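Biologist: I am new to this structure. Could you show it to me, and then take my questions one by one?

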Amino acid sequence: MPLRLIRYALSSKHHEPRMFTTHDRMKSSYDVVIIGAGGHGLAAAYYLARDHGITNVAVLERGYIGGGNTGRNTTIIRSNYLTPEGVKFYDASVNLWKDLSAEFDLNLFYSTRGHYTLAHTDSAVRTMRWRAEVNKHYGVDSELVGPDHVKKACPQIDLSCAGHAPILGALYHAPGAIARHDAVAWGYGKGADMRGVEIHQQTEVQGLDIQGGKIVGVNTSRGYISTGKVLSAVAGFTPRVTAMAGFRTPIFVHPLQAMVSEPIKPWLDPILVSGSLHIYISQTARGELVMGASLDPYELHSTRSTLDFTESLSAHMLEMFPFLSHVKVVRQWSGMADMTPDFAPIMGKTPVEGLYLDAGWGTWGFKATPISGKTMAHTVAKDEPHPLITGFSLQRFADFALTGEKGAASVGH
Amino acid sequence: MSEFVYHGEVRNEPDSETCSDSEWTDYVFNRSGIPAVKKEWWCHTPSNIWFIAERDTAKDHVLRTYLYGEGS
Ligand SMILES: Cc1cc2nc3c(=O)[nH]c(=O)nc-3n(C[C@H](O)[C@H](O)[C@H](O)COP(=O)(O)OP(=O)(O)OC[C@H]3O[C@@H](n4cnc5c(N)ncnc54)[C@H](O)[C@@H]3O)c2cc1C
């Protein structure tokens, strides 16, 4: 270490501040309690404090900050969805993402790569064309391209996919990006903490105190807290929280797995997704290949991994990139995805007054972290849904007015 | 994994002629999403036999299997 740096290490004037304040005890009441310190809960806390001046807020987390799906996801950020509601919402999120590193003064490794959704069948080409038109209508950079475009961006690809599933074209989305997942949670958490929000880790919400149809408090593993407003942002744990609240939702939980290779020389710039081969892949700044596949095929509330997953994902990966046969897989893991029947989230008010839901994020919610935080903060502060999320209400199922995103959300997260 | 295919929880369809709208939407969309021992439809694909499994959805333990109408 250069000598001139040592004086900073030894001086108490230049100490490295801690990321988060540790609070020994909880208060007996807060204006707002947020369940879940994933990206979504922390972003909501941040915008409640920053944009609405509501700082008497506790974020309660049963494990540790970002330890849920936020820290398990494959970080694909894009806005080329299928429905007008989805396109507008995710585009607003991409716009927030771009400024976050500067806003937090923390490097999120936000990296715009370009995103290809590969089409191997005529019907897939049709869906891509449909998506491109909806996207363009809302000003989102999105186009249908031919196989030559893909080959140019990624010369290593076998366009015939071992002869099994030739690539006929792709939906190309230039703003597609990846980011450092934990850093997003830390950035929002730090920003909320600086503004007075309390984050309590190792604190599980075990019951909701509802009187006359209204939230009045929560029971936690560390005692009772009274509050008039509760936001549930617990992803794969949502059915347990709605069960505490006494109402039912369409959410069902299946595991979603992912894996990562040893770091290799940078060769893959864009993000590639193939619905037919059930794979998606990107390369991180450290050189690891981050890879994922489709949802596990049955309900399970566990984060176990399976060999089936690694085997079938690797086999499909080699169809597209035969030269990867010597590359080693170093880690695999899984998260509990809170799925909805129409592949759109469930956001907003609930049948219980003062209880708000930010859920149904399934396999696609990381990219939505900034905008869901912002719109949920608005919804909680004003007790009415933000205009961008009215298409995502729980009520849409009773009204038979679904927001069908399946064509844009399954496999390609 | 593909030898046995999951087809969802066993649910009782309400009589669509007599039930209320909210009973019907509850049946169509809502699910018991919490971890529990559940009765589920599974299919053994090689023999195409459909059966019911009682499975703990937190631990992934199958407790009982039987043909429809044979269990309790
Ligand atoms: C393998 C995988 C890959 C994915 N890939 C992508 C992708 O490429 N792009 C994309 O956009 N999305 C992706 N997703 C989805 C994305 O990860 C999630 O939708 C998103 O991270 C959800 O964030 P969250 O903050 O809502 O939930 P989480 O990060 O899961 O946070 C919820 C928190 O709530 C806590 N909690 C739960 N119950 C309680 C309780 N009773 N009391 C206190 N705390 C509680 C949990 O411990 C957890 O920390 C992927 C998901 C997985 C699993």
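Modeller: Let us begin with two paired strands. Strand E2 (residues 57-60) of chain A and E8(A) run parallel and are joined by three bridges. Strands here are DSSP runs of at least two residues and helices (H or I) runs of at least four, both numbered from the N terminus; two strands pair if DSSP finds at least two bridges between them.

Biologist: Which residue stands opposite Ala58(A) in E8(A)?

Modeller: That residue is Glu198(A).

Biologist: Before we continue, what should I know about the model and its numbering?

Modeller: This is a predicted model, in which local features need pLDDT of at least 70 and side-chain atom pairs count only at pLDDT 80 or more, while totals for chains, interfaces and linings use all residues. Residues are numbered from 1 along each chain as its sequence is written, chains are lettered from A and ligands numbered from 1 in the order in which they are written, and side-chain values use heavy atoms, with hydrogens and water left out.

Biologist: What is the order of the six strands in the open sheet?

Modeller: The order is E8-E2-E1-E12-E19-E18 in chain A, with mixed pairing. Strand E8 (198-200) and strand E18 (346-349) of chain A are the edge strands, each pairing on one side only.

Biologist: Which helix packs on that sheet?

Modeller: Helix H9 (residues 369-382) of chain A does, touching strands that include E1 (32-35) and E12 (229-232) of chain A. Contact means heavy atoms within 4.5 Å.

Biologist: Turning to the other open sheet, how many strands has it?

Modeller: It has eight strands, in the order E5-E6-E4-E14-E15-E16-E13-E17 of chain A. E5(A) pairs with strand E6 (residues 169-173) of chain A in the antiparallel sense over three bridges, and Val145(A) has Ala170(A) as its bridge partner in E6(A).

Biologist: Now the interface: how many residues of chain B are in contact with chain A?

Modeller: There are 18, in contact with 21 residues of chain A. The buried area is about 1,800 Å², and carbon and sulfur atoms give 61% of it. That is the accessible area (1.4 Å probe) that the two parts lose on being put together, summed over both.

Biologist: How many salt bridges are counted between the chains?

Modeller: The count is two, a salt bridge being a side-chain nitrogen of Lys or Arg within 4 Å of a carboxyl oxygen of Asp or Glu. Arg248(A) and Asp26(B) form a salt bridge through their side chains, at 2.9 Å from N to O.

Notes
Axes fitted to C-alpha atoms, helices over the stretch in contact; angles between N-to-C directions.
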